Amino acid sequence: MTDTKRDANPRFEAMTDPTGVRIVDPIESVEFAFETDRPVDPTAVDTGAFDVPVDAGATVETGAIRFPHHLGVVVRTRDGEQVDDVSTADERRISAGRYTLELSTTPVKLYFHVDGPVTIRTHDDRAGFEFESPRRVRIGTRSYHERPAATVTTTPDPSAVAAVVSRFGTALKTTSPERSWPTLRGYPPLVEVGDESAVPDALSPPDTGVSITVRPELADCFAVTPLAFYLGATVEVGDEPRLRADGREWSLTAAGDVAATATDVLQRQFTLDCVVRTAGRFDLDLVERTAVEPRLPFDLEAMYDSDLPARVAAYMDVPRERIADAIPRWKLTVDAVPGADRLDALPHLAAELAAVRRPDAASLDDPEPRYCDEPSAPSERRWLPDGANAEAASMRSAGAAWDERLVYPPPSSSVEHAYLGDGVPVGTSAMSAAAYERKLDREVSDKTGIGVTVVGPGDRTGEGGSVADIYASRGLEPFDTRVLADPTAAELRAALAADTDFFHYVGHVDERGFECDDGFVDTRTVDDVGVDLFLLNGCTSFAQGRALVDNGAAGGIVTVADIFDSVAARVGETLARLLGQGYSLAAALRVLGAATAFPADIYTVVGDGSVAVTTNESITPVGYRLSWDDGLVVVPFCFPTEKAPLGTVTVPFAAENDRHVLASGDCVPVETTVDAFVDNLDTEPYPVFIDGELRWSPDLTRADLEAWVETVRDRA
């Protein structure tokens, strides 16, 4: 194995034409360059000289630094106090003193230690710093580390697996409460299974003073992996599952089993870090801090300055019920059936901070009939729209054969829910380590548009046309939408092989594959898939979708039963709007499931459910639920994404623009007026729930809301 953490550190290179510095990040395969007013020779410096976590540091002597595009600059004193924020086109002169200049919107995190006076200029197309005379400038950089820096090999023996999980904490950029920010966590090393363990020398377990003991069972190793990663804990095999820190220890079966207890501990540790970090460099008006600070048995400033073992111990003294209303809706729950062939999923469970559960066989059985009859085979299942005639309704299948075992993981309250095991999960994603790794290997595209291909037979042109219109009229990042109606088999194969961001299929699917004008295309025979993400809106399309993932796609939405045209058309249009607004595959299904009119349990995700077709203007997708209580009450809800994982904050409602929330789950209810809410909807399209019905903000008028208010008042 040649990859090591040391090999992956960013490096500084001198440029001569023009003069300046190029920063190369081998983990993310990105570069960033800035110009100087004279030739410079970057000289390495100790990263410990910086007051923020950095992977590499250097000094140069220059009188000016110039950037080729606009970027924001946050100015802080060396003790972290914010002095200024130059985020728009402006010019600021910072007086004499010692400062840290923090840049935003750069492909690597960048900090400059400078001595003032310094003039900061930001324009629409460039930015820069100028000094009164040449001086030494210290530069610190940190990889966003959204990709693993190394690969480790383990045997299936639990002791060897525990030793590998102990290395995951090497990806953490800090052990302070700031590691609750997603950019300071990094991505753990990938895992391979072999006959002998092999770990790069640079991946020594971090010396955090926190340790976890598990029983010699793979199930325990799976259960504690996200917790061990977040705490930077060493994992060892012993008799009883325990957590140890600051000379104390706690049982890891207190909540009933190891999986439930590890998740409970992780959620409490993470949430309290999000609260305590506001006492440090990031002084935000955080709603969760306001809610829980009076209930905490410690001072936030003192806790912020404590070492990791002391904080872990202090947090363990806080009962869950004391902070339950501040714990964000968790991003991902994974029902994992432990096994040697699934150990490659461990780093992805850790990076997601997943809540890991171990399902027993009985819990995976169908809990109740959820279709119109009790068929003898899954292919005979039907979901009927209200008032539909089963014999007369049009189906999206020409007769299917099904040889897969359906499994029904217990419901989860997380935004995303995945299953790692044998069988076809209903209502959850089928987790695939290969899909995660394919996502990590995706290169950043230079394309300005997002390629969408909508495919369907002529008798489905109604949905195809409306879906294409939704993508084409999105109005944010441009979609390059192509409609392929009545394709031949050759045309469909070409469409699947083409480099396409999103593939939306409308039409018939059966055991032969996709129905085309002159036959069928079975994706299990398509070796080279260029489609990245997809929606297969036809009957029992799971097998075809799984083949797309196996052959190159990152993930997609599929069905596990037959569905009628009228229902599928409404689902297809709604999913198109959600995906076009930046919702991940799994989050889109979560929103769909909250609407009363849709059979969300027929749809599931194959591959990586966390991927999204695009990113919206707010980075974090937001929606609203409306209720009336002697006035309009708006409950914003938001979802973590690839670009904004757990720990991200957002301002979900313009009327409360100084209050931040953790961007996952329901936010604090806002009492407002119809006029104020309508004004807030002008920013971008949002899903809005009114009495369980899913509406869209561009379709809502003041008159619609006033009529609803009158109806609510009449009912009261």
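Trainee: Which residue in strand 26 does Val455 stand opposite?

Mentor: In this predicted model, Val455 stands opposite Tyr505 of strand 26. As a general idea, the strands of a sheet pair through backbone hydrogen bonds, in either a parallel or an antiparallel sense. Here strand 24, residues 450–456, and strand 26 pair in the parallel sense, over four bridges.

Trainee: In which sense do strand 26 and strand 30 pair, and over how many bridges?

Mentor: Strand 26 and strand 30, the latter made of residues 531–537, pair in the parallel sense over six bridges, and within that pairing Thr500 stands opposite Val531 of strand 30.

Trainee: Is strand 26 largely enclosed or open?

Mentor: Strand 26 covers residues 500–506, and because seven of its seven residues are buried, it is largely enclosed by the rest of the structure.

Trainee: What is the order of the strands in the open sheet of 10 strands?

Mentor: The order reads 18-17-21-23-33-31-30-26-24-25, and the pairing in this open sheet is mixed. Strand 18 (355–357) and strand 25 (479–485) are the edge strands, each of them pairing on one side only. Strand 25 has strand 24 as its partner, in the parallel sense and over seven bridges, with Val452 standing opposite Thr481 of strand 25.

Trainee: Which strands does helix 13 lie across?

Mentor: Helix 13, residues 565–580, lies across strand 25, strand 26, strand 30, strand 31 (555–559) and strand 33 (603–607), and runs at about 155 degrees to strand 30. Helix 14, residues 585–594, also packs on the sheet, where it touches strand 21, strand 23, strand 30, strand 31 and strand 33, and its direction makes about 170 degrees with that of strand 33.

Trainee: How should I read the packing of two helices, and at what angle do helix 3 and helix 6 pack?

Mentor: Two packed helices are described by the angle between their axes together with the distance between those axes. Helix 3 (residues 258–276) and helix 6 (residues 308–316) pack at an angle of about 110 degrees, with their axes 10 Å apart, which means that helix 3 is roughly perpendicular to helix 6. The crossing in which helix 3 passes helix 6 is right-handed. On the side of helix 3, Val265, Arg268, Gln269, Leu272, Asp273 and Val276 take part, and they meet Arg311, Val312, Tyr315 and Met316 of helix 6; by class, this contact has six nonpolar, one polar and three charged residues.

Trainee: At what angle do helix 1 and helix 2 pack?

Mentor: Helix 1 and helix 2 pack at about 5 degrees, with their axes 10 Å apart, and therefore helix 1 is roughly parallel to helix 2. Pro158, Val161, Ala162 and Val165 of helix 1 meet Leu218, Cys221, Thr225 and Ala228 of helix 2, a contact whose residues divide into seven nonpolar, one polar and no charged.

Trainee: How many of the eight residues of helix 1 are buried?

Mentor: Six of the eight are buried, and helix 1 (residues 158–165) is thus mostly covered. Its buried residues pack against strand 11 (151–154), strand 12 (190–193), helix 2 (218–231), strand 14 (234–237) and helix 8 (346–351).

Trainee: Where is the place of Thr523, and is Thr523 buried or exposed?

Mentor: Thr523 has its place in the loop between strand 29 (519–521) and strand 30. Thr523 is buried, because its relative accessible area is 0% and the cut-off for buried is under 20%. Leaving aside neighbours within four places in sequence, Thr523 is in contact with Leu496, Phe514, Gln544, Ala547, Leu548 and Asn551.

Conventions
Residues are numbered from 1 along each chain as its sequence is written. This is a predicted model: local features need pLDDT of at least 70, side-chain atom pairs count only at pLDDT 80 or more; totals for chains, interfaces and linings use all residues. Side-chain values use heavy atoms; hydrogens and water are left out. Buried means under 20% relative accessible area, exposed over 50%, partly exposed in between (1.4 Å probe, protein chains only). Two strands pair if DSSP finds at least two bridges between them. Axes are lines fitted to C-alpha atoms, for helices over the stretch in contact, and angles run from 0 to 180 degrees between N-to-C directions. Angles under 35 degrees count as roughly parallel, over 145 as roughly antiparallel, 65 to 115 as roughly perpendicular and the rest as oblique. A crossing is left-handed if the near helix is turned anticlockwise from the far one by less than a right angle, and right-handed if clockwise. Contact means heavy atoms within 4.5 Å. Ala, Val, Leu, Ile, Met, Phe, Trp, Tyr, Cys and Pro count as nonpolar, Asp, Glu, Lys and Arg as charged, and the others, Gly among them, as polar.
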